[in-house]
Amino acid sequence: MGMRIGYGYDSHAFKAGVPLVIGGLAIEHPEGLAGHSDGDVLLHAITDALLGAVSAGDIGTFFPPSDPRWKGAASSVFLQTALEEVATAGYKIVNIDTVLVMAKPKIVPIAGELRESVATLLGVKPGEVGIKAKTPEGLDQDHVAVAHATVLLESLGIPESVGVMAATAEDEIDVVVKTLVGETRSVSALGRKVTPFDTDDLT
């Protein structure tokens with residue numbers, strides 16, 4: 001399979017007294033996002049999208065919230081693990097598209113910074129990262145942040161043309177081997193002993 005698609009989703013409630021971190025970027029805001037780690041809803045969604053694309057499970061599989069080691073941990077650690085799983089599976093990121101749903105803070109003014117931050121963490125170009133924002137109008141979710149992420153991966157395997165050439169060369173070798181074996185059997189059938197230097201050939 002040459003291409004794979006992954007989808008990730010996450011949500012966190014806002015909480016006073018904690019810093020707000022989205023996409024690895026510290027944002028000035030009266031409240032942060034509640035969570036066992038740093039609550040980075042965007043990186044969590046991207047992490048799940050990457051893991052899902054290569055059938056590696058989800059973020060909870062690798063970093064269960066019951067494990068005290070991840071208390072307050074930077075979500076970039078989770079993202080790095082997902083990137084390692086993608087590389088191990090033999091894929092690379094083509095592009096990522098995301099949607100943030102929250103009433104505040106406004107994402108549009110900082111979308112460029114978010115794109116740069118996420119691209120740096122993923123090791124891709126900013127133009128390969130999409131950051132979009134929506135408000136939860138009429139949904140009574142003003143104190144919740146939601147993130148959706150979709151990722152497209154491309155296989156790092158041998159190009160198809162190279163595989164065809166290799167298969168053709170292998171077929172040709174098989175023909176040569178079978179021909180030589182057939183000739184040897186024909187000579188043996190005549191009752192002639194085959195040696196590297198047959199004395200009959202020298203007379």
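H143 lies in the loop between strand 6 (129-134) and strand 7 (144-155), where helices (H or I, at least four residues) and strands (E, at least two) are DSSP runs numbered from the N terminus. The model is predicted: local features need pLDDT of at least 70 and side-chain atom pairs count only at pLDDT 80 or more, while totals for chains, interfaces and linings use all residues. Residues are numbered from 1 along each chain as its sequence is written, and side-chain values use heavy atoms, with hydrogens and water left out.

H143 has a relative accessible area of 55% and is therefore exposed; buried means under 20%, exposed over 50% and partly exposed in between (1.4 Å probe, protein chains only). Leaving aside neighbours within four places in sequence, H143 is in contact with H12, A13, F14 and E31, contact meaning heavy atoms within 4.5 Å. The C-alpha atoms of H143 and K104 are separated by 8.4 Å, the two residues being 39 apart along the chain.

The helix pair comes next. The axes of helix 1 (residues 41-53) and helix 3 (residues 75-88) come within 9 Å and cross at roughly 15°. Axes are lines fitted to C-alpha atoms, for helices over the stretch in contact, with angles from 0 to 180 degrees between N-to-C directions. Helix 1 is therefore roughly parallel to helix 3 (angles under 35 degrees count as roughly parallel, over 145 as roughly antiparallel, 65 to 115 as roughly perpendicular and the rest as oblique). On the side of helix 1, the contact is made by L43, H44, I46, T47, L50 and L51; helix 3 contributes S75, S76, F78, L79, A82, L83, E85 and V86.

F78 also belongs to an aromatic cluster, together with F62 and F63. A search of the whole structure finds two aromatic pairs. Rings of Phe, Tyr and Trp (its six-membered ring) pair if their centres lie within 6.5 Å; planes under 30 degrees apart count as stacked, over 60 as edge-to-face and the rest as tilted.

| Pair | Centre to centre | Angle between planes | Class |
|---|---|---|---|
| F62 and F63 | 6.4 Å | 40° | tilted |
| F63 and F78 | 4.4 Å | 35° | tilted |

F62 is partly exposed, with a relative accessible area of 27%.
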